[in-house]
Amino acid sequence: MFLWILLSVCCIAAAQQRSSSSSGEYGGGGGKRFTHTGNQLDGPITALRVRVSRNYVVGLQIRYGTTWSDYKGGSSGELEEVFLHPGEAVIQVTGTYSNYIRRLVFVTNKGRYFPFGKDYGKTLNATPLFPNTVLRYISGSSGSVIDAISFHWDYANSNCVHCAK
(Lines give C-alpha, C1' and ligand atoms only; values in the text may rest on other atoms or scores of the structure.)
Protein backbone atom coordinates (compact mmCIF):
# COMPACT_ATOMS: atom_id res chain seq x y z
CA MET A 1 0.00 0.00 0.00
CA PHE A 2 2.78 2.43 0.93
CA LEU A 3 4.57 1.72 -2.36
CA TRP A 4 1.37 2.45 -4.32
CA ILE A 5 0.91 5.81 -2.54
CA LEU A 6 4.55 6.74 -3.12
CA LEU A 7 4.28 5.82 -6.80
CA SER A 8 1.08 7.89 -7.16
CA VAL A 9 2.70 10.95 -5.60
CA CYS A 10 5.74 10.61 -7.88
CA CYS A 11 3.53 10.33 -10.99
CA ILE A 12 1.48 13.40 -10.02
CA ALA A 13 4.65 15.42 -9.37
CA ALA A 14 6.12 14.35 -12.71
CA ALA A 15 2.93 15.36 -14.55
CA GLN A 16 2.88 18.89 -13.12
CA GLN A 17 4.14 21.56 -15.48
CA ARG A 18 7.57 22.94 -14.56
CA SER A 19 8.07 26.67 -14.60
CA SER A 20 11.09 27.68 -12.53
CA SER A 21 14.65 27.80 -13.84
CA SER A 22 17.97 29.53 -13.13
CA SER A 23 20.69 31.11 -15.26
CA GLY A 24 24.25 31.50 -14.01
CA GLU A 25 26.23 31.90 -11.86
CA TYR A 26 28.24 34.44 -13.83
CA GLY A 27 31.38 36.08 -12.42
CA GLY A 28 34.04 35.14 -9.90
CA GLY A 29 34.17 33.49 -6.51
CA GLY A 30 34.78 36.50 -4.26
CA GLY A 31 32.46 38.51 -2.06
CA LYS A 32 29.76 37.62 0.42
CA ARG A 33 26.80 35.50 -0.75
CA PHE A 34 23.31 37.00 -1.04
CA THR A 35 19.91 35.94 -2.32
CA HIS A 36 16.62 37.72 -2.92
CA THR A 37 14.57 34.52 -2.82
CA GLY A 38 12.43 35.88 0.03
CA ASN A 39 12.02 39.29 -1.64
CA GLN A 40 9.99 37.81 -4.49
CA LEU A 41 7.18 37.30 -1.97
CA ASP A 42 6.78 41.12 -1.91
CA GLY A 43 5.73 41.02 -5.55
CA PRO A 44 7.24 41.11 -9.01
CA ILE A 45 10.26 43.20 -9.95
CA THR A 46 9.08 46.79 -10.49
CA ALA A 47 12.32 48.82 -10.46
CA LEU A 48 16.11 48.52 -10.60
CA ARG A 49 18.90 50.54 -8.99
CA VAL A 50 22.34 49.80 -10.37
CA ARG A 51 25.60 51.50 -9.37
CA VAL A 52 28.34 51.42 -12.01
CA SER A 53 31.96 52.56 -12.08
CA ARG A 54 34.28 52.94 -15.04
CA ASN A 55 34.90 49.17 -15.18
CA TYR A 56 32.33 47.27 -13.10
CA VAL A 57 28.79 46.92 -11.88
CA VAL A 58 29.49 48.08 -8.34
CA GLY A 59 26.16 47.47 -6.65
CA LEU A 60 22.49 46.80 -7.12
CA GLN A 61 19.12 46.97 -5.47
CA ILE A 62 15.83 45.58 -6.79
CA ARG A 63 12.31 46.72 -5.94
CA TYR A 64 9.87 43.82 -5.53
CA GLY A 65 6.32 45.14 -5.59
CA THR A 66 6.69 48.35 -3.58
CA THR A 67 9.54 47.15 -1.33
CA TRP A 68 13.25 47.68 -2.08
CA SER A 69 15.66 44.83 -1.37
CA ASP A 70 18.80 45.44 0.67
CA TYR A 71 21.51 47.17 -1.35
CA LYS A 72 24.36 44.82 -2.32
CA GLY A 73 27.82 45.98 -3.42
CA GLY A 74 30.12 48.96 -3.01
CA SER A 75 29.65 52.71 -2.84
CA SER A 76 31.82 54.05 -5.69
CA GLY A 77 30.46 55.09 -9.08
CA GLU A 78 27.16 56.49 -10.28
CA LEU A 79 23.75 55.18 -9.19
CA GLU A 80 21.15 54.74 -11.93
CA GLU A 81 17.48 53.93 -11.36
CA VAL A 82 14.76 52.69 -13.72
CA PHE A 83 11.10 51.83 -13.12
CA LEU A 84 9.13 49.21 -15.02
CA HIS A 85 5.69 50.01 -16.40
CA PRO A 86 2.61 48.13 -15.16
CA GLY A 87 2.54 44.73 -16.87
CA GLU A 88 6.24 44.95 -17.74
CA ALA A 89 8.68 42.24 -16.68
CA VAL A 90 12.31 41.32 -17.34
CA ILE A 91 12.51 38.43 -19.83
CA GLN A 92 16.27 38.40 -20.58
CA VAL A 93 19.51 39.68 -19.09
CA THR A 94 22.66 40.01 -21.17
CA GLY A 95 26.02 41.45 -20.28
CA THR A 96 29.68 40.76 -19.68
CA TYR A 97 31.78 39.50 -16.80
CA SER A 98 35.26 38.43 -15.74
CA ASN A 99 36.03 37.90 -12.05
CA TYR A 100 33.38 40.60 -11.51
CA ILE A 101 30.23 41.68 -13.29
CA ARG A 102 31.11 44.35 -15.85
CA ARG A 103 27.83 44.97 -17.70
CA LEU A 104 24.17 44.04 -17.31
CA VAL A 105 21.41 44.75 -19.84
CA PHE A 106 17.87 44.05 -18.65
CA VAL A 107 15.40 43.37 -21.51
CA THR A 108 11.64 43.57 -20.90
CA ASN A 109 8.55 42.04 -22.46
CA LYS A 110 7.61 45.57 -23.63
CA GLY A 111 10.71 45.80 -25.83
CA ARG A 112 12.64 48.13 -23.54
CA TYR A 113 16.20 47.48 -22.45
CA PHE A 114 18.27 49.01 -19.66
CA PRO A 115 22.08 48.82 -20.06
CA PHE A 116 24.41 49.31 -17.08
CA GLY A 117 28.22 49.17 -17.16
CA LYS A 118 30.93 48.57 -19.74
CA ASP A 119 30.98 45.96 -22.50
CA TYR A 120 34.18 44.06 -21.71
CA GLY A 121 34.85 40.40 -20.83
CA LYS A 122 33.03 37.12 -21.35
CA THR A 123 29.46 37.33 -22.63
CA LEU A 124 26.46 36.32 -20.53
CA ASN A 125 23.01 35.70 -21.94
CA ALA A 126 20.46 34.73 -19.30
CA THR A 127 17.01 33.63 -20.40
CA PRO A 128 14.33 31.47 -18.78
CA LEU A 129 14.14 27.81 -19.67
CA PHE A 130 10.34 27.72 -19.81
CA PRO A 131 8.00 29.87 -21.96
CA ASN A 132 6.01 32.74 -20.44
CA THR A 133 8.27 32.98 -17.38
CA VAL A 134 10.01 36.14 -16.18
CA LEU A 135 12.80 37.21 -13.85
CA ARG A 136 11.53 36.66 -10.30
CA TYR A 137 14.68 37.30 -8.25
CA ILE A 138 18.47 37.38 -8.27
CA SER A 139 21.25 35.92 -6.14
CA GLY A 140 25.02 36.17 -6.17
CA SER A 141 27.94 37.55 -4.20
CA SER A 142 29.22 41.05 -3.57
CA GLY A 143 31.93 43.01 -1.82
CA SER A 144 33.13 46.36 -3.16
CA VAL A 145 31.57 45.30 -6.52
CA ILE A 146 29.12 42.64 -7.71
CA ASP A 147 31.39 39.59 -7.86
CA ALA A 148 28.85 37.13 -9.26
CA ILE A 149 25.17 36.96 -10.17
CA SER A 150 22.48 34.38 -10.96
CA PHE A 151 19.00 34.96 -12.36
CA HIS A 152 15.94 33.01 -11.25
CA TRP A 153 12.88 32.71 -13.50
CA ASP A 154 9.28 31.65 -12.92
CA TYR A 155 5.72 32.62 -13.76
CA ALA A 156 4.69 36.13 -12.77
CA ASN A 157 2.24 36.55 -9.90
CA SER A 158 -1.13 36.79 -11.67
CA ASN A 159 -2.65 38.82 -8.80
CA CYS A 160 -0.39 41.81 -9.35
CA VAL A 161 -0.81 44.80 -11.72
CA HIS A 162 2.95 44.97 -12.38
CA CYS A 163 3.26 41.37 -13.53
CA ALA A 164 3.58 40.22 -17.12
CA LYS A 165 0.32 38.95 -18.58
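This is a predicted model: local features need pLDDT of at least 70, side-chain atom pairs count only at pLDDT 80 or more; totals for chains, interfaces and linings use all residues.
One helix and 13 strands make up the secondary structure here, where helices (H or I, at least four residues) and strands (E, at least two) are DSSP runs numbered from the N terminus. Residues are numbered from 1 along each chain as its sequence is written, and side-chain values use heavy atoms, with hydrogens and water left out.

Of the 165 residues in the protein, 44% are buried; that means under 20% relative accessible area, with exposed being over 50% and partly exposed in between (1.4 Å probe, protein chains only). The accessible surface of the protein is about 8900 Å², and carbon and sulfur atoms own 53% of that (Shrake-Rupley method, 1.4 Å probe; for residues, only the protein chains shown count as cover). Take the contacts (heavy atoms within 4.5 Å) between residues at least 6 apart in sequence: 61% of them join residues at least 24 apart.

Now for the open sheet. Four strands line up as S1-S13-S12-S2, with antiparallel pairing; two strands pair if DSSP finds at least two bridges between them. Strands S1 (21-27) and S2 (32-35) are the edges, each pairing on one side only. From one strand to the next, the twist averages 15 degrees, using axes that are lines fitted to C-alpha atoms (for helices over the stretch in contact) and angles from 0 to 180 degrees between N-to-C directions. S12 (residues 134-142) and S13 (residues 146-154) run antiparallel and share eight bridges. Tyrosine 137 sits opposite histidine 152 in S13.

| Residue | Strand | Relative accessibility |
|---|---|---|
| Serine 21 | S1 | 11% |
| Alanine 126 | S11 (residues 122-126) | 0% |

Serine 21 has a polar side-chain atom 3.0 Å from the backbone nitrogen of leucine 129; a polar contact is a pair of N or O atoms within 3.5 Å, where, within protein, one must be able to donate a hydrogen and the other to accept it, and residues adjacent in sequence count only if both atoms are side-chain atoms. Beyond four places in sequence, serine 21 also touches residues including Pro128, Phe130, Phe151, His152 and Trp153.

Alanine 126, not counting residues up to four places away, touches Ser23, Tyr26, Gln92, Val93, Phe151 and Trp153.
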